[in-house]
Amino acid sequence: MKKKLLSALLGIAMVASMIPAAFASDLDGHWAKTFIEYLDQEGVINASATTGNYEPDRDMTRAEFMRYINRAFHFTEEASISFSDVQTNAWYYDTIQIAVNYGYINGVGDNRMDPLGEVTREQAAVIIGRLYKDDPGDVSASDLPFSDRNEVSSWAAGYIKAAVDNGIITGYEDGTFRPQNVVTRGEVAKIIYYYLGTSLSTAGKAYTGSDLKSDTDNVTISESCTLSNATIDGDLYITEGVGSDTVTLNNVQVNGTLIVSGGTVTMVNTTSDHVIVSSPMGRLLQVTATGATRIAETEVHTAAALNERGLSLGGTGFADVLVQGDSRVSLTIDAEIDGLNLESEATVSTSDDAMIYNMQARAETSVTGYGSVYQANIYTNGVSFASSVTVSGYELASGVSATINGDEVWTSSKPGVVPKEISIDLADLDEIGSGIEVTVPAGTSVEEVLCSSRILDEGSDYTLTSAGMRLDTDWLESLSRGDYTILILLSNGDRASISLEVSNSSPTADSHEAYFDRYYDSSDYRDVSVRLDHVYDEDDIEAVVFGWEEIDDSNYSFSSSSRTLTLERSWLSKLREGTYTITVEIYGEDDETILLTVDDSSPDDGETIEYDWDGMGDDIWIDLPADRVSEIENVTVFYDDDDRDDSLYIEDYEDYDSDYDDDYYDSCWLDCDYEELMFTAETVDHYMSWNYGDRIVFEIELSNGDLYTLIVYDYS
């Protein structure tokens with residue numbers, strides 16, 4: 001049928017193109033010129049084939065109005081009709097077939113459509129409001145701001161208010177709305193122009209935010225396409241005209257309502273507070289959330305499938321879902337849903353991985369499939385759960401029963417903590433998005449979480465949620481392979497445990513990375529600790545090998561409580577810059593390797609000298625560049641620990657004797673002739689004996705900030 005419509009449009013366009021432009025002079029200076037010209041480009045409203053005029057002030061008939069709507073939203077599929085006043089040979093017969101099939105217009109009674117009748121302003125507001133799934137709500141004419149609101153029909157008040165609130169339809173300067181006035185072609189063009197907004201109507205095209213018009217807020221998609229990197233201030237309407245074709249939204253933010261009435265829709269990194277899924281034709285609509293997509297509320301009016309695939313950090317997918325249809329709704333869920341509110345009869349099918357944290361059933365509902373429901377609040381009879389669906393807890397209203405796990409139940413049952421078991425693969429953490437949700441019983445909250453006797457940090461290891469908490473991906477990623485027990489302390493004093501299995505299918509799962517900085521003042525100048533996957537006790541380690549030689553066990557240690565191997569700083573500091581492989585040989589298990597990177601971030605604005613002190617050595621001399629002797633500001637001594645408060649200052653550079661009365665060891669001597677600074681053997685030995693370590697550092701600071709560093713090691 002789309003080919004049929006396209007042929008008709010091309011025929012009209014060819015005829016119109018043969019008419020001189022001067023014939024279309026009836027738009028010059030007319031207030032509707034912008035609206036009509038845009039809709040002409042979209043193939044919606046055309047000039048007369050005989051006169052070349054658009055006749056913007058001519059009254060609109062019902063049949064013409066339907067034709068323009070069908071064209072604007074690419075409606076092409078026809079339904080069987082039998083109105084007594086619509087003949088099969090009438091030019092509008094196909095138009096009315098299409099309008100009836102898409103359900104946006106009704107007859108006038110007595111099996112009549114009145115195709116040549118007039119369209120009033122309030123009728124126009126109602127017809128297009130139905131397309132945009134506006135909810136008339138409990139609105140009366142008295143709620144409208146117009147002075148003639150008493151002339152508005154009760155059935156139109158809600159739709160008019162929605163159109164006015166969204167800036168689609170406005171009143172007149174005198175404060176009236178004139179609901180019973182017949183609309184002209186120009187008025188209809190303006191209404192469609194603002195409802196339609198930017199029309200994305202070219203099949204297969206990749207649209208971006210730069211393609212959106214600036215004078216309208218809405219966007220309408222009527223053909224299979226992609227829309228990327230766009231912010232939509234109004235509504236995004238994916239029309240029934242898309243059929244079952246694909247539509248992809250990528251990095252799109254919808255500030256109004258996202259209406260899915262056609263297509264197979266994939267939302268990547270897309271956000272919207274309100275989504276409506278509704279097809280008046282009863283077509284199954286499939287909507288998939290992926291990446292960082294966040295949908296706050298989704299209304300489902302007709303058959304739909306909601307899927308979550310590969311949600312990333314920050315992606316929540318579908319949060320709350322409301323089922324509210326005119327007839328029984330079929331809903332398939334392959335997602336984690338915070339709240340499912342069933343206001344109308346429904347059949348809900350859940351996948352293996354589906355999770356519904358809170359379900360409110362106020363109408364007859366059957367739940368099939370293999371998923372899980374944490375808490376079900378049931379307010380009516382006729383609610384059933386297949387035995388393959390896990391229901392952790394349920395609350396029944398007075399006098400209500402339900403079928404759960406194949407049995408009819410009359411009393412409520414409280415849920416525990418869900419899930420009881422968790423399995424993750426460190427090589428495929430994209431599957432868990434921002435983390436793993438844990439639900440606790442209603443009325444309780446998480447007070448404390450422990451794992452392997454360690455208290456987890458709220459805010460970094462886990463995040464509190466309205467349903468309980470989320471074990472954050474960053475913390476899960478820090479774990480090594482193995483089995484863990486997570487202990488949860490609840491606000492009511494109860495304790496619950498979750499079994500956590502951590503695996504790693506990566507080919508490099510047995511490799512660990514470590515980093516050491518040789519610069520004495522770096523935060524990475526410290527012992528290096530690595531958690532081993534297959535070692536639970538020090539006796540499990542057969543050897544730790546560096547290159548071809550075993551590392552003496554005095555240079556490393558192992559903690560059974562944390563399962564970490566620690567390489568001592570005193571040994572690491574002997575290594576030069578580079579990348580090394582350290583192999584941990586384990587009894588009865590595959591070897592684990594540590595890829596060790598040794599760096600040296602010493603400032604390059606001076607010189608670092610290393611000296612191997614063996615017990616009592618000789619005096620140590622440092623050469624300074626010519627003419628820099630006078631620039632020495634001070635000399636600082638650092639001990640071989642992380643406490644920098646213990647540093648001492650040597651202030652006498654000219655004499656062997658120190659300014660310190662009783663401690664001649666705290667001295668160094670400067671030979672100004674040769675620009676050399678000498679540290680006496682007694683001084684070095686003095687600090688070594690005080691330090692009880694294997695290293696001290698003398699730092700010589702010049703007046704311009706340059707540093708000359710003497711690092712003295714003692715490995716005796």
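Tutor: G291 is buried, with a relative accessible area of 11%; buried means under 20% relative accessible area, exposed over 50% and partly exposed in between, with a 1.4 Å probe and protein chains only. This is a predicted model, in which local features need pLDDT of at least 70, side-chain atom pairs count only at pLDDT 80 or more, and totals for chains, interfaces and linings use all residues. Residues are numbered from 1 along each chain as its sequence is written, and side-chain values use heavy atoms, with hydrogens and water left out.

G291 belongs to strand β10, residues 285–291; strands (E, at least two residues) and helices (H or I, at least four) are DSSP runs numbered from the N terminus. Leaving aside residues up to four places away in sequence, G291 touches N269, R309, G310, L311, S312 and G315, where contact means heavy atoms within 4.5 Å. A separation of 9.3 Å lies between the C-alpha atoms of G291 and D430, which are 139 residues apart along the chain.

As for the whole chain, 50% of its 716 residues are buried, and it contains 10 helices and 47 strands. Of the contacts between residues at least 6 apart in sequence, 47% join residues at least 24 apart.

Elsewhere, an open sheet of 5 strands has the order β24-β31-β30-β26-β27, with mixed pairing; two strands pair if DSSP finds at least two bridges between them. Its edge strands, β24 (421–425) and β27 (454–455), each pair on one side only. Within this sheet, β26 (residues 446–451) and β30 (residues 482–490) run antiparallel and are joined by 5 bridges. C451 has I486 in β30 as its bridge partner.
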